[in-house]
Amino acid sequence: MDATHAPGLRSWVESANVPGHDFPIQNLPLGVFSTPGSRPRGGVAIGDMVLDIAAALAAGRLSGAAAEAAAEPTLNRLMSYGQDAAAELRARLSALLAEGAEPLPDLLHPQSAVTMHLPVEVRNFSDFMASRPHCERLGRARNRDNPLPPAFHHLPVAYHSRASSVRPSGTPLRRPWGQFQRDGAVVFAPTEALDFELELAIWIAEENVLGEPTPISAADRRIFGIGLLNDWSARDIQRFEMPPLGPFLSKSVMTSVSPWVVTMQAMAPFMAPLPPRAAGDPPCPAHLHSSRPDAMRITMRAAIQTPRMAAAGIAPHVVTEAPFEEMYWSAAQMVAHHTSNGCNLLPGDLLGSGTVSGSRPGQEACLAELLLRGPIILPSGETRRFLEDGDCVIFTARAEAPGAVPIGFGECRGSVLPAAAWPVSEEG
Ligand code: MN
């Protein structure tokens, strides 16, 4: 940790000093934004504002390769430079925005007046499964006594997901059509079991050459930053298509990510040791073992607002509050495992942490798990088994630790649009 994390540090941007704000000066997440009629470019969130990095360069307030990369329409080049470049940029941004520095209001835009874009051109996206309670709850339906997949304790299980359908927060999801079983018959119809999965987005730094694994000792350096990720899932389609090759159309329909990338430098005060393995669990394999504090003290929340709630002015209702710190596998272990066969991870590649379910009731991080305790009851009196048309799902999160100023992640939200009329004639 360094001067950028000091709890007493304040900004000349007043809204950043409001206690409980997602974006105090200790955070400084990076993103890509545009104002009406302008090109997308890099910015940093500070309080309710965005600092325009390109404008700061033009005004001579920032300089250097890292700042120039951070001003581009995607953060891929900055991510290729790695964590040292991000740390250097963070120090410059912190000095520029700190109380006592010359206020530069001309470099700011209100967040309410900008459009946020995908921060990265996503070339690859892999989604993991790293919460033991998530796997146990859903696995019990298949095998009551032995619910975990055979590899669960030995490696972070994952599949290659779809990069082309990753979208920024705010993009609505069109209810997908697909094949699934209903009353013993296989039908092709709009999904009847649309779900969310509350996950962490992990953005990759640098590149390893094909054939050269990143060892666990260096794996934490390959994580540029994190955000929130909704791995939308059609459970009926998933159940039918999954064996034996894994999820396909049930997941590739769309994936939502929050637009702000919270850097690993900002996360320094919130890192913690991984929870110890339970007695009787096999030991962690040596090539994935680390005694670094790679767990993250983040509380993640999922809320739902139905159209009726919105019309009645009822706020989104929190249905899940889950501790990321309890995940069985860390992000660094995911990187080490992913590259252990020599597979190359590229700057800006995206990893999904897997559904971040905790062990206690109320910590189930998807509807399929919540449903095991019965349909959820909303403050409007409505109930939900799965998502209905018009429902809006909103993810938020906070990193907190004793002695540190808490930081937030902004939002990852999306609403469900009704299924389209099937667009293609079925005639030969
Ligand atoms: Mn997932």
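The following legends describe close-up views of a predicted model. Residue numbers start from 1 along each chain as its sequence is written, and side-chain values rest on heavy atoms, with hydrogens and water left out. Because the model is predicted, local features need pLDDT of at least 70 and side-chain atom pairs count only at pLDDT 80 or more, while totals for chains, interfaces and linings use all residues.

**Figure 1. The manganese site.** The manganese ion is held by D127 (OD), E197 (OE), E199 (OE) and D231 (OD), at 2.1 to 2.2 Å. Donors are N, O and S atoms within 2.8 Å of the metal (3.2 Å for Na, K and Ca); water is not among the atoms, so sites may look incomplete. Along the chain, the donors of the manganese ion show the spacing D-x69-E-x1-E-x31-D. E199 belongs to strand β13 (residues 198-204), whereas D231 sits in the loop between β14 (223-230) and β15 (233-234), so this pair links parts that are 32 residues apart in sequence. Helices (H or I, at least four residues) and strands (E, at least two) are DSSP runs, numbered from the N terminus. E199 and D231 are both buried. Buried means under 20% relative accessible area, exposed over 50%, and partly exposed in between (1.4 Å probe, protein chains only).

**Figure 2. Aromatic pairs.** The whole structure contains 7 aromatic pairs. Rings of Phe, Tyr and Trp (its six-membered ring) pair if their centres lie within 6.5 Å; planes under 30 degrees apart count as stacked, over 60 as edge-to-face and the rest as tilted. The ring centres of W177 and W422 are 5.4 Å apart and the planes lie at 50 degrees, so this pair is tilted. W177 is in strand β10 (residues 177-182) and W422 in the segment after β27 (412-417), so the pair ties together parts that are 245 residues apart in sequence. W177 is partly exposed, at 28% relative accessible area, and W422 is also partly exposed, at 37%. F196 and F395 form an edge-to-face pair, with 5.8 Å from centre to centre and 70 degrees between the planes. F196 is located in the loop between β12 (194-195) and β13, and F395 in strand β25 (residues 392-399), so the pair connects parts that are 199 residues apart in sequence. F196 is buried, with a relative accessible area of 0%, and F395 is buried with a value of 0%.

**Figure 3. An aromatic cluster with a charge over a ring.** F152, Y328 and W329 make up one aromatic cluster. R277 lies over the face of W329, 5.1 Å from the ring centre. A charge sits over a ring if NZ of Lys or CZ of Arg is within 6 Å of the ring centre and within 35 degrees of the ring normal.

Figure 4. Beyond its neighbours within four places in sequence, M296 is in contact (heavy atoms within 4.5 Å) with residues including L200, I226, M264 and A331. In α10, 8 of the 9 residues are buried, so the helix is largely enclosed by the rest of the structure. The buried residues of α10 include A331, M334, V335 and H338.

**Figure 5. Helix α5 and its cover.** Helix α5 (residues 132-139) is mostly covered, with 6 of its 8 residues buried. These are P133, H134, C135, E136, R137 and G139. The elements covering the buried residues of α5 include β6 (125-129) and α11 (367-370).

**Figure 6. Backbone details in loops.** Most residues other than glycine have a negative phi, and most peptide bonds are trans. P243 and P244 are joined by a cis peptide bond, with omega about -5 degrees, and P244 lies in the loop between α7 (235-241) and α8 (249-252). D183, although not a glycine, has a positive phi of about 50 degrees. D183 is in the loop between β10 and β11 (185-190) and is exposed, with a relative accessible area of 78%.
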